[in-house]
Amino acid sequence: MALLETAGLSKSFGGVPVLAGLDFAAAAGEVHALVGANGAGKSTFLNIVSGSIAPTAGSIRLGGEVVRFANPQQAQRAGVSIVHQEFALAPLLDVATNIFLGREPRNRLGLVDRARMRRDAAALLARHGFRLDPGALVAGLSVAEQQLVEIARALSFEARVLILDEPTAALSPPEQQRLFAVIDRLKAAGVAILYVSHRLDEVFRIADRVTILRNGVRVDTRPTAGLDHAGLVRLMLGETAGPTASVARCAAAGPVRLAATYRAGEATSEIVLRAGEIVGLAGFVGAGRTHLARALAGHARPHEIEMMVDGVPVAPRSPAAAMRQGLVYLTEDRKRDGLFVPLGVLVNTTAGALDRVARLGVISRAAERRLGGGMLARLRLAAPGLGAPIDHLSGGNQQKAVFARALLAEPKVLICDEPTRGVDVGAKAQIHDLLLALAEGGLAVLVVSSEFGELLALADRILVMRDRAVIRTFRRGEVDEEMLFRAASGDPAVCAGRP
Amino acid sequence: MSRPDEIAAPTPAAAAPVGVAASRRLRSFPETLAIWLVLVVLLVVAGALSEAFLRPVYLGNIIRQAAPIGIAAVGVTFVMILGGVDLSIGATISLGAVLCAAAMNGDPANIAPAVALACLAAGAIGALNGILIAVTGVSPFILTLGTAITLYGVTQLVTGGTAHGIIAPGFREVFNVRIGGILPTLGLAFLVVAAAGATVQHVTTFGRRLYLIGSNPAAARLAGLPVRRTVILAYTLSGLLGGLGGIALLARSGVSGSLAASGYEFDVLAAVVLGGTTFEGGRGGIGGTVAGVLILFVAFNLVNVIGLNYHAQLVVKGAVIIVASAIYRRLRDAGSS
């Protein structure tokens, strides 16, 4: 009998359905994987089941009874706990306090009974075989140990359903194995585990059944035993168009602009970018794409990376130093480190190029308008004026301003991290055209993207990353979305052929 | 895709209004205007309560009186646009006054070297603040608090706790000449420093970078801005202008008690915050600060005229910081929604 069951679960945001009539069932003592491409509705489903958001329609049954969660606390009390990819721990408190945060045992005076809290925590950790000291400070724990604290906290609610969202994204391979052992024990203890991961090899390793979502709809639920990696990817992606009709472009790649050796843990990756070439960097959450992209642009720790630009060894120690070598990075998170809010569009655009429009430290407004305004016009920025506050523009126009700033740095190598994130369809096409035109003009372009379709449309070569290493390189035309997905999700049949 | 509001290649005609909009935004124009309105309203109220506030000579006096704080506030405004703070400004003003008086020692021939020495020492202290903040990443609040305490201690040790040095004849007189019989030279010096500061803020790459770094330090670093250099320069200017503020204090009061400017950091911060430069950085400017300084001193004088004492001034100061910060916060939230 199903422990957790949903019937006709639906959710719309602003009239747009993201989950449509989902019927789902997970049994006690089962590891049930949930897979789907970006936008399939996994997160929405998890958020509904764990009480963070309310469904538009449909019902949830837990142990046969209909339940309705107004908030995550109610779900926890009912026995449904979620461990998010991002931990929510208090680093300066100890393990026991973190486990019982907000519901500490009290003594007769109403004060926190620390001794009892330690005892309870120790008992809980022992029961599940977690080797953790309840008195240890969370800040001093490894990522894997912190995750165990999160899981212990989730289990302390007597969880019957434990949801793990991308639990291995930040773990090293041996730590992943230990996590799987923990999952096996919990499974034996009768906990239903919902396992969400892009790493399909893991799904085959630990899941009993797998539910496939696509565009908010359940495609199928199947035992993993009767499936293979390629078959699962096909179910996730549906009918793909085959190799994407690539933009007709003579990829006359020029001389090597950037050659880099990147080391992370045991793995070493070689990255070569040629003038006139667009190279894609594919991979899932936690694969280390952004880390690599930033390492190329002056964010590397010593010994992490060795680089040559135009045949000359360089070792930039800051973004400014990297820019002087012609290596320019475009952030994936405009709000965090891309935009200067609430300053104007032009001020945002010329931020890094002021020396080009100033004499003896005095800015020529006319020269600034010519340089910045000219570049923005070239990128077809739509704004009420060059003085409009940057945060009043659409995502696409904000991105164009950030692009314009990068181009004013006169890059040899442009490293774009998710260049079309949060951008409308029209602006997206314009940005794609721009990237193609820049490559045409002799720039070496590296595009990091979670959208495989985008990489297939743009890139001359695609590097696939997993566990902080490039595990495979594909050339234009020899790969389709399914193949990329299989490589990034760890299908041994595809990854065996190392780059 | 061609939309009517797309930016066309800039032509002089099309570019002009856009440029005005750009600089207006940078100065957060409406807030600056609001603070000048407050000053005007306050003067009208003061004039109604006492006819003294209608006399140009009295107003000239207020500007003269405000000069030490006002000059120092210009430098602190730079630091606060950057997202920093300089709590050592009071100690720096004191040091400037004490050093200048001691070096002058009653001899008119020593005036120039004494002024140079005070400026140099104060600038060096500011540079040290800047270097430590830029290199170690210590919070400016903690670091400049440490500098302030250290400086007060050093000043006490050096002077033995008593006033030292004698003002050279002619030093005070130069600053107290009234131009046109109204504005004392010292008041003019404040206005000149403020105008110079506003110019630096508006036209230089340094001024622009203050706003950029203050509004998003992470983006500034990623965009390759010379963050450290800008931070060090801003604190150096804050120190240097603090030293000039100390010299102005000496010219105004003629005595150099070893704690001459203790507590002035609060006046300076009150004026800057009142002028619309917030602790979060990235907004405000010198124009607002000048208005903030003048409001503060008109208010102090009003408190005196009404017959309340110095302690009531403290209450006014505290209230100013709290109320102004709250109002700007609300304005900002309203603006961003």
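Predicted model: local features only at pLDDT ≥ 70, side-chain atom pairs only at ≥ 80, totals over all residues.
Chain B as a whole contains 14 helices and 2 strands. Of its 337 residues, 52% count as buried. Among contacts in chain B with a separation of 6 or more, 79% are made by residues 24 or more positions apart. One local backbone feature of chain B falls at B:Asn105, a residue other than glycine whose phi is positive, near 50°. B:Asn105 is placed in the loop between α4 (89-104) and α5 (111-136) of chain B. Because 13 other C-beta atoms lie within 10 Å of B:Asn105, this residue is classed as partly exposed.

Chain A is divided by the domain assignment into domain 1, residues 2-237, and domain 2, which comprises residues 256-326 + 411-495. The C-alpha centres of domain 1 and domain 2 of chain A are 32 Å apart. Each domain of chain A contributes 14 residues to the contact between them. On the side of domain 1 of chain A that touches domain 2 of chain A, α7 (200-206) and α8 (229-237) of chain A each provide at least two residues. The most is given by α8(A), with 5 residues. The composition of this side of domain 1 of chain A is 6 nonpolar, 4 polar and 4 charged residues.

Within chain A, A:Val210 belongs to strand β9 (residues 209-214). A:Val210 counts as buried because it has 23 C-beta neighbours inside 10 Å, the threshold for burial being 20 or more. Beyond its neighbours within four places in sequence, A:Val210 contacts A:Ala33, A:Val35, A:Val203, A:Arg222, A:Thr224 and A:Leu232. A:Lys400, 190 residues from A:Val210 in sequence, is 41 Å from A:Val210 in space, C-alpha to C-alpha.

Chain A also holds an open sheet of 4 strands, ordered β12-β11-β14-β15 and paired in the antiparallel sense. Strands β12 (267-274) and β15 (312-314) of chain A form the edges, each pairing on one side only. From one strand to the next, the twist averages 20°. Strand β11 (residues 256-264) and strand β14 (residues 305-309) of chain A run antiparallel and are joined by 5 bridges. The bridge partner of A:Ala259 in β14(A) is A:Met308, and that of A:Tyr262 is A:Ile305.

Strand β14(A) also pairs with β15(A), again in the antiparallel sense, over 3 bridges. A:Met307 has A:Val314 as its bridge partner in β15(A). The two strands β14(A) and β15(A) form a hairpin with 2 residues between them. In the turn, A:Asp310 adopts a positive phi of about 50°.

A:His303, a residue other than glycine, has a positive phi near 70° and is located in the loop between α9 (289-299) and β14 of chain A. A:His303 counts as exposed because it has 7 C-beta neighbours inside 10 Å, where 12 or fewer define exposure. The peptide bond from A:Val341 to A:Pro342 is cis, with omega near 5°. A:Pro342 lies in the loop between α11 (334-337) and α12 (345-349) of chain A.

Definitions and conventions: Residues numbered from 1 in each chain as written. Chains lettered and ligands numbered in written order. Domains from an automatic or database assignment. Contact = placed C-beta atoms within 7 Å. Nonpolar A, V, L, I, M, F, W, Y, C, P; charged D, E, K, R; others polar. Pairing = 2+ DSSP bridges. Axes fitted to C-alpha atoms, helices over the stretch in contact; angles between N-to-C directions.
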